[in-house]
Number of protein chains: 2
Amino acid sequence: MNAPETFLAEAADLLGPRGLTRDPEIVRPWLTDWRGRFTGQALALASPASTAEVAALVALCAAHGVPIVPQGGNSGMSGGATPDESGTAIVLSLRRMNAIRRLDTEAREVTCEAGVILQTLHEAAAAEGLRFPLTLGGKGSATIGGLISTNAGGTQVLRHGSMRAQVLGIEAVLADGSVFDALVPLKKDNRGFDLKQLLIGSEGTLGIVTAATLRLVPALVDRAVLWAGLAKVTDTRELLLHAERIAGDRLEGFEILPRHSLQAVLAHMPGTRSPLQGEHEWHALIELAADRSGAEALPALAQELLESAFEAGLVEDATIAANETQAEAFWLLRDEIAPAERAIGPAMQHDISVPVARMAAFIAEASPQVEARFPGTLAVAFGHLGDGNVHFHVLAPTGAVRGDWEANQGKEISSFVHDLVTEWGGSISAEHGIGQLKRDELGRLGDPVHLHLMRAIKQALDPQGLLNPGKLVPLAPGAATF
Amino acid sequence: MNAPETFLAEAADLLGPRGLTRDPEIVRPWLTDWRGRFTGQALALASPASTAEVAALVALCAAHGVPIVPQGGNSGMSGGATPDESGTAIVLSLRRMNAIRRLDTEAREVTCEAGVILQTLHEAAAAEGLRFPLTLGGKGSATIGGLISTNAGGTQVLRHGSMRAQVLGIEAVLADGSVFDALVPLKKDNRGFDLKQLLIGSEGTLGIVTAATLRLVPALVDRAVLWAGLAKVTDTRELLLHAERIAGDRLEGFEILPRHSLQAVLAHMPGTRSPLQGEHEWHALIELAADRSGAEALPALAQELLESAFEAGLVEDATIAANETQAEAFWLLRDEIAPAERAIGPAMQHDISVPVARMAAFIAEASPQVEARFPGTLAVAFGHLGDGNVHFHVLAPTGAVRGDWEANQGKEISSFVHDLVTEWGGSISAEHGIGQLKRDELGRLGDPVHLHLMRAIKQALDPQGLLNPGKLVPLAPGAATF
């Protein structure tokens, strides 16, 4: 352990006491992912305060062969920010780098350091009459760096795209400690490979994002939130197409819930009630929204959408939220599905996508296949139909013991679901990333040409394999390194 | 020459007489770029008819070490599709691969082979009540593969983005002949590096695009075209911001012309006339457009934009095209600038961008700097202000001899302009790509970290350096290969 001591002494000199700690009490919370599925060990927790410090630290790691696990809010879904159990790596937290360097109201751009928390960015944009159009449940802890490294999604992707679509510029530290500076946003720039695209979604395996320039959009002036009851899942697809035709760019969200999910939320959350009177097999939550340029026409547009959907026989029943309180109540029913389902019993959860046009058919066909293959289970799919992305949960049979059931059945169920998704041309990770949770599955199911390219790029940009080892990029069969 | 003969025999067997030719009459037109600036030699012209044939041919080239110059419509601006003079390479034309494999009206997606001509795609989309939202002057010859490989721009980028924003999926043949298949469009997919992004804009140096899935948008139902006269270039920036505030997503185009450019067009094109009565130093051409969801409100929106711009003192004079004929007449004035300027005399042309917010200031400051440094010249900037991208032309002094002047003065002038652009954080290639025209300049002015990354990726994906050699990626100083 002589080599790490030398490294640690040099790192301590570099970063000072606030920037480097080995205190187990301080380090421990950051060694386990927030869902509690992965726990690792680390040499130390490094918290540099500037891009220059990150660069110097990474150069030091390169010189000493010390692996680096970058970490933002530690709120990822796939264990991508948790070190392995060897204890040879440092955790490199970006949380101290939390400055908003520049917010240009006219140009609608903001340059944030990696540690800026999503909610902080929301508030900073709102204070200028603008909006950062990506949001998700973990907004109180998720950081800009983590959101970029995982190409995060959320509920507003339908209209505004995932994190990739928000990134105008990037600054990152590469494996050798050099700084890749592409922060200045150019709307048009054809000087070769778009390297920032490679860093987005690369989960810290090619470089460490230290800052980014992001786009902002005009603040919403008004929204209309609709709730519809439908007879079958394929009708939700027809309703989505109908909503796109009627509302065009005003369509801000389109989420679906099966009867089971709504009932789970109603049972789990006291005081909630269904927006509609009768029972429906499927529900759609539709949000129309407008900034200044379209706000006036919004109520009429919502009415037109509702009435024409009735006329076309697409919905069994539907309603428009009468006010903002009711609109929030509608959204709460959607947002509480995951905890409500968890309260019922164990489940295997899958974050999957197929082409948008095929998702309703996938749900209709795959659900009974899963239930037939694993008797007693219930397949429940809900979420972002407009993105072709649902959370596909397989609920355990009644009486299954939490922990045991997942350990015994989970892997087989997930493999079955992932096989189905792959057959349908879909993705085993729509928005949560690969991390360490799905690396083996990616290696098993990924296109060999894709995997070969990923390995070649990883090897070229991080030849020592020090950037977030064990994450994302599957090793070649039988290989110990890339 | 034994080795090439073996290769050629095998290639002829593979592709048949329609797929491989050495006939100088047939090959010759494809050895010079359409602007006539570059001419090379080639072993043969290969025209495979399918992805499988491209893959087999590339594998054959890899085995024999034969360089490949991919070519679409041969209408590029930077010599990126022209072979060098060694005659060792084959030109690989994608023009026979011109099938539209699938057009899904509901999903608004189209899968095209690389050789589909842009105008053909426009027509196919229009026949289904849809629109492919990227267009440019060379639409009658430019192919989808070329547009992707150069990440083409055009006049609709402000609202719809460049080619990158239209690409939902890609199929490409890699340097070893393997096929990268990512044609199935997934709106959300976080399975690691987004490799299709790396291929877009890589000018055939990392792979050969053989097909793509592209997005379509609803057909336009109506447009309003405005013409404004302004006192100075910085006012055009204010007017752009004003138009964005008023029109939001309805703003489809924002182009600027200096007085000199308008006068050049009026002198060059009989029958044209200025949309406004008086003389103005600057002109802005603004297009608002709407599909079904916003068409009704469009005339009122155009009127509001015009009146509020007057009230705010942003424009000296302005008018709205009374009908579609007039709207086309307005656009003609913009589209004919380049030929009109060429008729006047020699000029050095630069396709540059700076941050959108800084372009007006750049024009105001850089133009007199250029004119002072090169007495007698006139700096003329026109084009896509809304994208931070203008065509920055430096016109020769009166009496300069075409050919001689460019040869004697051109390089120094371009270097001076590129230095200025780089100082302003901009790009020496906004939309035309690097090709062989600007490779040395990219090597001279590019960020060393960017260049290093590009070389590392090129080396990793094309270790033999056979894909479009001599294009885009600058060699390291003193190096013969990557």
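Reader: In this predicted model, how many residue pairs are in polar contact between domain 3 of chain A and domain 4 of chain A?

Author: The model is a predicted one, and the count here takes in pairs in which both residues have pLDDT 80 or more.

Reader: Which residues of domain 3 of chain A lose the most area to domain 4 of chain A?

Author: The C-alpha centres of the two domains lie 24 Å apart, and the contact takes 15 residues from domain 3 of chain A and 15 residues from domain 4 of chain A. The area buried between them is about 1,200 Å², with carbon and sulfur atoms giving 71% of it. On the side of domain 3, 37% of what is buried comes from three residues together, namely Arg237(A), Ile256(A) and His260(A).

Reader: Which elements of chain A give two or more residues to the side of domain 3 that touches domain 4?

Author: By class, this side of domain 3 of chain A has eight nonpolar, four polar and three charged residues. The elements of chain A that give two or more residues to it are H9, strand E13 (251–258) and helix H10 (259–268).

Reader: Turning to the two chains, how much area do chain A and chain B bury between them?

Author: The contact takes 80 residues from chain A and 80 residues from chain B. Of the area that chain A buries against chain B, Lys188(A), Asn190(A) and Phe193(A) supply 16%, more than any other three residues. Carbon and sulfur atoms carry 59% of the area buried between the chains, which is about 6,100 Å².

Reader: How many salt bridges are counted between chain A and chain B?

Author: One salt bridge joins Asp387(A) to Lys188(B), where the closest N and O atoms are 3.1 Å apart, and that pair meets the rule because the cut-off is 4 Å. Across the interface of chain A and chain B there are also 36 residue pairs in polar contact, both residues being at pLDDT 80 or more. The salt bridges between the two chains come to a count of ten.

Reader: Which element gives the most residues to the side of chain A that touches chain B?

Author: The residues of that side divide into 34 nonpolar, 24 polar and 22 charged. Among the elements of chain A that each supply at least two residues to it are helix H6 (157–160), strand E9 (179–182), helix H8 (195–199) and helix H9 (233–247). The element that gives the most, with nine residues, is H17(A).

Definitions and conventions:
Residues numbered from 1 in each chain as written. Chains lettered and ligands numbered in written order. Predicted model: local features only at pLDDT ≥ 70, side-chain atom pairs only at ≥ 80, totals over all residues. Heavy atoms only, no water. Contact = heavy atoms within 4.5 Å. Buried area = accessible area lost by both parts, 1.4 Å probe. Salt bridge = Lys/Arg side-chain N within 4 Å of Asp/Glu carboxyl O. Polar contact = N/O pair within 3.5 Å; in protein donor to acceptor, adjacent residues only side chain to side chain. Helix = DSSP H or I, 4+ residues; strand = E, 2+ residues; numbered from the N terminus. Nonpolar A, V, L, I, M, F, W, Y, C, P; charged D, E, K, R; others polar. Domains from an automatic or database assignment.
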